[in-house]
Amino acid sequence: MQDDLLIDTDERRALREAVAKLVGAYGRSYFQEVTRSGGRPDDLWADLGRAGYLGVHLPEEHGGGGGGLTDLAIVIEETAAQGCPLFMLVISPAIAGSLLVAHASDEQKRTWLPGVADGTKRIAFAITEPDAGTNTHNITTTAHPDGDGWRIRGQKYWTSGIDDADAVIVVCSGAEAGPDGRHPISMFLVPTDAPGLSFTRIDAALQIPENQFTTFFDDVRVTRDDLIGVEGAGLRQVFAGLNPERVTAAAQANGIARYALRRAARYAAERTVWSTPIGAHQGVAHPLAACFVDVQLARLMTMHAAELTDAGADAGSASTVAKYAAGEAAAKAVDQAIQTHGGNGLSNEYGLADLWFTARMFRTAPVSREMVLNHVAQYNLGLPKSY
């Protein structure tokens, strides 16, 4: 299947090919077996780290490759396009790594970024709460002043991969409200073995190696050394991680869609009924072709958002639109790929059925499609605020 419609530089084309070769040596069956057995893709993760791909966007002085978000988006897309959508790539290098580069102290950067870059350290991210949803102002996990530090109390929801992380970035509310009546937001980098921190697995439909958790903070002690950036400025600072999250989530969705369409196109070309390949019928070919168009448009928007970020421009709207487009395209592509396979599409042997919930998730997170449309209506179309 010819899906190389993006105009890449020689360096980016070489990066795509190298990542695809490395991850392709593992392939979809490896990812499925690791997931089914409750294991972790540690071998693949270690190889990605040794090759420099996990830290391709991080500063060279901290063990990274000195590239940008565009390079990381390529790594994540190509990994998913080989049937191995590693969510931890979005969480640790993209969200946590970007936040630390933008706002961490020099000591925090020295301590954590080299490990994030080579894969020997992983950092989770805890922001979502059961009763707050997208409204970060409503979070109730609170950092209570305690001498020269704080004690964190509260809980987070859908914390991905914290069981496999060395630390977690926690977004907390301040104990006292500011002049505007809102509680200021701060971020802390908390080791996952800190006393008072615990987590309970959520029974989720996602067929991925990264488990999801409700995370509890019971008087977890943190100090000034654990504070990321400026106390009370966390709401503004957190977007240094949320925009990269949306771009890289979009890249992962695009990779999943490419994998699904490649499998579907091969099957449609080879599967013969009444002496004719099913792909010769427009009822099969046209839906796949329409999915291909949507995926290519989503890829273009994703790369545009990444390049805006790397240029230091405001990429908020572009990142949000890219995530919406990629989520919609991936859900449709995987669904159509399953339909193309008929009954075989429901067999795990063909590597598609267990991707459905993963692809579908991108319509909900990060940031739901409804909140994306709210954002576009208000900020891009100038319509009255609806929430």
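Me: Where does Pro 366 lie?
Reply: Pro 366 is in the loop between α11 (356–361) and α12 (369–380). Helices here are DSSP runs of H or I with at least four residues, strands are runs of E with at least two, and both are numbered from the N terminus. This is a predicted model, where local features need pLDDT of at least 70, side-chain atom pairs count only at pLDDT 80 or more, and totals for chains, interfaces and linings use all residues. Residues are numbered from 1 along each chain as its sequence is written, and side-chain values use heavy atoms, with hydrogens and water left out.

Me: What kind of peptide bond joins Ala 365 and Pro 366?
Reply: A cis one, with omega at about -10 degrees.

Me: And Val 367, what's its phi?
Reply: Positive, about 65 degrees, although Val 367 is not a glycine. Val 367 also sits in the loop between α11 and α12.

Me: Is Val 367 buried or exposed?
Reply: Buried, since its relative accessible area is 16%. The cut-offs are under 20% for buried, over 50% for exposed and partly exposed in between, using a 1.4 Å probe and protein chains only.

Me: What about Ser 275, buried or exposed?
Reply: Ser 275 counts as exposed, because its relative accessibility is 73%. Ser 275 is not a glycine either, yet has a positive phi of about 70 degrees. You'll find Ser 275 in the loop between β9 (272–273) and β10 (276–277).

Me: Switching to rings. How many aromatic pairs are there?
Reply: Seven. The rule takes rings of Phe, Tyr and Trp (its six-membered ring) with centres within 6.5 Å; planes under 30 degrees apart are stacked, over 60 edge-to-face, and the rest tilted. One of them is Tyr 157 with Trp 158, edge-to-face because the planes are at 65 degrees, with centres 5.8 Å apart.

Me: What's the geometry for Tyr 267 and Tyr 350?
Reply: Their planes are at 90 degrees and their centres 5.9 Å apart, so that pair is edge-to-face. Tyr 267 is in helix α8 (residues 239–270) and Tyr 350 in the loop between α10 (316–340) and α11, so the pair ties together parts 83 residues apart in sequence.

Me: Which residue lies over the face of Trp 112?
Reply: Lys 121, at 4.9 Å from the ring centre. To count, NZ of Lys or CZ of Arg has to be within 6 Å of the ring centre and within 35 degrees of the ring normal. Lys 385 lies over the face of Tyr 387, at 5.0 Å from the ring centre.
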